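Hi everyone, thanks for coming.

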Amino acid sequence: MKVLVLNGPNLGRLGRRQPEIYGTTTMADLSRLCEEWGAGLGLEVEVRQTNHEGLMLDWLNQAADDATPVVLNAAAWTHYSYALFDACAQLTAPLVELHISDPKSRPEEFRHHSVVTAYAAKEIVGQGIDGYRQALEFLSTQ
Ligand code: DQA
């Protein structure tokens with residue numbers, strides 16, 4: 001089974017971006033880890049990251065067409081993008097919403113709402129990078 005791991009804005013600087021919140025694992029490390037974890041679970045995993053909302057929407061529309069399961073860390077778009085909400089609504093294969101931190105326990109009010117949750121088969125928050133492994137494990141059982 002193929003799985004897409006899609007990451008939104010500012011996550012390209014993972015490892016260097018606010019390491020006290022997001023840790024020191026880079027996006028390149030994360031890609032390699034997800035591929036390894038996926039291989040161990042019999043999944044073909046592809047990890048992508050973009051700072052461009054339209055590209056993320058194209059990826060999600062393609063995942064809807066192909067019925068591909070998705071692990072989605074939509075980063076800040078999670079909190080306000082109705083286009084993202086509409087894209088998630090179209091998915092038919094399981095969607096896992098993932099955040100490295102726990103947005104609801106952070107001080108900024110805007111992080112307390114997610115447009116993704118309504119369409120997620122599972123929500124994984126605050127688990128750091130291991131959350132991606134947990135998401136892949138969940139999808140491997142679906
Ligand atoms: C995040 C949490 C979001 O609130 C934030 O905008 C991010 C990363 C996380 O992985 O913890 O960019 O999705």
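How much space lies in the largest pocket? About 160 Å³, where volume is the space filled by probe spheres set on grid points joined across faces, edges and corners. By pocket I mean, on a 1 Å grid over the protein atoms alone, an open set of points where a 1.4 Å probe fits, with protein on both sides within 12 Å along at least five of seven lines.

A word on the source: this is a predicted model, with local features needing pLDDT of at least 70 and side-chain atom pairs pLDDT 80 or more, while totals for chains, interfaces and linings use all residues. Residues are numbered from 1 along each chain as its sequence is written, and side-chain values use heavy atoms, leaving out hydrogens and water.

The lining of that pocket has 16 residues (each with an atom within 4 Å of a point), and Arg-17, Tyr-22, Ala-75, Ala-76 and Arg-111 lie nearest the centre.

Among the residues surrounding the ligand are Asn-73, His-99, Ile-100 and Ser-101, counted as near if a heavy atom lies within 4 Å.

On to polar contacts, pairs of N or O atoms within 3.5 Å. Ligand oxygen atoms lie 2.7 Å from a polar side-chain atom of His-79, 2.9 Å from one of Arg-111 and 3.0 Å from one of Arg-17. The protein covers 99% of the 320 Å² of accessible area the ligand has on its own, by Shrake-Rupley with a 1.4 Å probe.

Key
Polar contact = N/O pair within 3.5 Å; in protein donor to acceptor, adjacent residues only side chain to side chain.
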